[in-house]
Amino acid sequence: MEAHRTRVLERETMMDTVNTDVLILGGGLAGLSAAYHLGTCDWRLIEAESTVGGLARTDVVDGFSFDWTGHWFHARDPQMRARIEQEWLPGNLVTVERRAIIYSQNVVTRFPYQINMHGLPPETVSQCVLGFMEANFGEGGRALRDRPPANSAEFALRHLGRGICERFLFPYNTKLFTVPPEELSAEWGGRFVPRPSLTQVVRGALGLEDDGAGYNATFWYPREGGIESLPRALASRLNKNCVHTGRRVTAIDPARREVRLDDGASIHYRSLISTLPLKRLCELWSAPTDALRAAAEKLRSVSVTTVELGVRGSPKRSFHWCYFPESTLPFYRAGSPSQVHTSLAPQGTHSFAVEFSHRGPVDGASLVRQAIEGLAANGFLEAKEVVLARSRTIPTAYVLFDQAYAEARKTVLDAAARAGIALAGRYGLWEYSSMEDALLTGRTAALNILSSRAA
Ligand SMILES: Cc1cc2nc3c(=O)[nH]c(=O)nc-3n(C[C@H](O)[C@H](O)[C@H](O)COP(=O)(O)OP(=O)(O)OC[C@H]3O[C@@H](n4cnc5c(N)ncnc54)[C@H](O)[C@@H]3O)c2cc1C
C-alpha cells in the first residue's frame with residue numbers, strides 16, 4: 001500500500017499541475033512548524049534548497065560543526081517549550097549558562113555594556129555614568145525627555161546618555177546595520193534598546209555582582225547534531241511525500257491561487273502560507289499594484305558573512321560570543337561554538353564564527369583574512385594555529401528598521417491579507433525575531449487556516 005502511494009505521488013510531482021489544500025512556501029522552522037501543525041490536512045511544502053531547515057542548519061567540516069552562525073535557543077511559550085523538550089528533542093537538550101562578553105578599548109567586560117562597565121578605563125566609566133544621569137535626570141537631557149524621539153539615535157541618547165551611546169551602542173549598531181543610528185526608527189530603539197535603572201548602571205560600573213536578569217541568562221543547545229537537529233526532528237514527523245526540496249518558487253499568482261516552480265510545475269492551492277522573505281514574495285507576485293511594488297522597494301535588509309575558523313589548542317578567552325563595537329575591527333561579533341558545546345570541535349581544538357554585516361557583495365577570502373588578523377591582533381587566537389577557515393553568506397540576515405520600514409511593511413502585509421496569503425517566519429513577516437518566533441508564527445498560520453475551515 002505504502003509503495004503504491006509513493007509511486008502515485010512521484011508521478012504526481014512530475015505532472016504539470018497539482019492541486020493542494022494548503023501550500024507552504026519555504027522549509028525553514030516557520031514552514032516546518034506550519035506543516036507540523038496542519039497535521040493530516042492536505043498540504044505541500046516547497047523548499048528551494050536540497051534540504052529543509054533554512055537558517056537553522058549545521059555543516060560538519062573536518063570534524064568541526066558550524067551552525068549557519070551561532071543559533072542559541074530560547075523558548076518562552078510553555079506549549080512550545082514542552083513540545084521541543086518532550087517531543088522533538090527529548091534527551092538532546094543541554095541548558096547552557098550564557099557567557100556573553102564585550103571587547104572594547106582592549107578590555108573584556110560582560111554583556112550588556114550599560115550594566116557591566118567595571119574594568120573599562122575610568123574616564124570611559126565616568127563619561128558613561130554621568131551621561132546616563134544627565135540623560136535621565138539632568139538639565140542637559142531635558143530637551144530629549146520633553147518630546148518624542150525622531151530616530152533610534154535620539155531614543156538611545158534619551159535613555160542611555162551620550163557616553164554609552166558613543167562608546168558602545170552607536171558604533172556597534174552602525175557596524176551591524178551598516179547605517180548610522182539616525183537612519184533607524186525610534187520604534188526600533190523602543191523595542192531593542194534595554195533601559196537599565198540607575199542602580200544597575202552604578203552597581204555595574206563599580207563591579208558589584210548583579211543578577212543579569214532579563215538578559216537571556218541561559219539558553220538551550222542540542223547535545224548532538226547542532227541546531228539542525230531541531231528542523232530534522234520536526235521534518236521526521238512530517239509526511240515526506242508532501243515535502244518537496246530542491247524546487248524553487250518562481251511566480252505567485254494570488255488571483256488564480258497558483259504558484260509556479262522552476263521545473264515548470266504549477267500548484268493550485270486553496271490556502272497559501274509564505275515564509276519567503278517578504279521582499280522576495282513581492283518580486284514573485286504576478287501583476288503587483290504600483291503601491292505594492294513601491295512598498296517592496298523600500299524594504300531593506302543587510303547580509304551577514306560568517307567566517308568559520310577551526311583552531312588548534314585551547315581557547316585563549318572564555319566566552320560563547322563576544323561583541324566588538326569599535327570600528328577598528330571590521331566584524332561586529334564572534335561566537336565560539338566549541339565553548340558552547342565541546343562536541344562542535346575535535347578534541348584539542350576550538351572554533352570561532354566571526355560575523356560581518358554588509359550590503360552588496362563581499363570578497364569572502366578577504367573577510368577570512370580580516371577575521372584571523374583581527375582576532376590574532378587582540379589575543380583571541382594565534383594565526384599559525386588556524387587549521388580550517390572558510391566563509392558563508394546569508395543574503396537576507398537582518399531587516400533594517402529604517403524610517404520607511406513600518407509603512408512599507410504594513411502596505412505589503414495588508415496586500416497579502418487581502419490576497420489571502422498567510423505570512424509566517426522572521427523574513428516572511430519581515431521582522432527581527434528568533435527561532436521560537438518562527439515556530440510560533442508557523443503554528444499560528446496553520447491553526448488560523450484550520451479554524452477558518454472548521455467555522
Ligand atoms: C546572524 C543570525 C543569528 C541568529 N541567531 C539566532 C539565535 O541565536 N537564536 C535564535 O533563536 N534565532 C537566531 N536567529 C534567527 C533565526 O535564524 C530565525 O528566526 C529562523 O531560523 C527563521 O526561520 P524561518 O523559517 O522564518 O526563515 P528561514 O530559515 O530563512 O526559512 C525560509 C526558507 O525559505 C526558502 N526559500 C526562499 N526562497 C524560496 C523560493 N523562491 N522557493 C522555495 N523556497 C524558498 C529558503 O531556502 C529557506 O529554507 C539568527 C539569525 C541570524 C541571521
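Start by selecting Val108, in strand β7 (residues 107-110); strands (E, at least two residues) and helices (H or I, at least four) are DSSP runs, numbered from the N terminus. This is a predicted model, in which local features need pLDDT of at least 70, side-chain atom pairs count only at pLDDT 80 or more, and totals for chains, interfaces and linings use all residues. Residues are numbered from 1 along each chain as its sequence is written.

Val108 is partly exposed, because 16 other C-beta atoms lie within 10 Å. On this scale a residue is buried with 20 or more other C-beta atoms within 10 Å of its own, exposed with 12 or fewer, and partly exposed in between, the C-beta atoms being placed from the backbone. Leaving out residues up to four places away in sequence, Val108 touches Ile101, Tyr103 and Arg317; contact requires C-beta atoms, placed from the backbone, within 7 Å.

Step to Asn106, in the loop between β6 (100-104) and β7. Asn106 is not a glycine, yet its phi is positive, about 65°. Is Asn106 buried or exposed? It counts as exposed, because it has 10 C-beta neighbours inside 10 Å.

Next, select Phe111 and Pro112, which are joined by a cis peptide bond with omega of about 0°. Pro112 sits in the loop between β7 and α4. Most peptide bonds are trans, and most residues other than glycine have a negative phi.

Follow the chain into α4, whose 16 residues reach 22 Å from first C-alpha to last, close to the 22 Å expected at 1.5 Å a residue. The expected span is 1.5 Å times one less than the number of residues. Colour the buried residues of α4: Thr124, Cys128, Val129, Gly131, Phe132 and Ala135. Seen down the helix axis, these residues fall within an arc of 160°, so they line one face of α4; the arc is that of the directions from the axis to the C-beta atoms. They pack against α6 (152-160), α7 (162-177) and α9 (198-206). On the other side of α4, Pro122, Glu123 and Phe137 are exposed.

Zoom in on Phe132, which counts as buried because it has 27 C-beta neighbours inside 10 Å. Apart from residues up to four places away in sequence, Phe132 touches Leu160, Gly161, Ile164 and Val201. Val201 is 69 residues from Phe132 in sequence but 8.3 Å from it in space, C-alpha to C-alpha.

Go back to strands β3 (residues 58-61) and β4 (residues 64-67), which pair in the antiparallel sense over 4 bridges; pairing requires at least two DSSP bridges. Val60 has Ser65 as its bridge partner in β4. The two strands form a hairpin with 2 residues between them, and Asp62 in the turn has a positive phi of about 50°.

Thr69 lies in the loop between β4 and α3 (78-88). Its phi is near 75°, a positive value in a residue other than glycine. Thr69 counts as buried, because it has 22 C-beta neighbours inside 10 Å.

Finish with confidence: the protein averages a pLDDT of 94, and 95% of the residues score at least 70. Over residues 1-12 the pLDDT is below 50, and this stretch has 3 contacts in the model beyond near neighbours in sequence. The pLDDT is the predictor's confidence in each residue, from 0 to 100.

Conventions:
Two residues are in contact if their C-beta atoms, placed from the backbone, lie within 7 Å.
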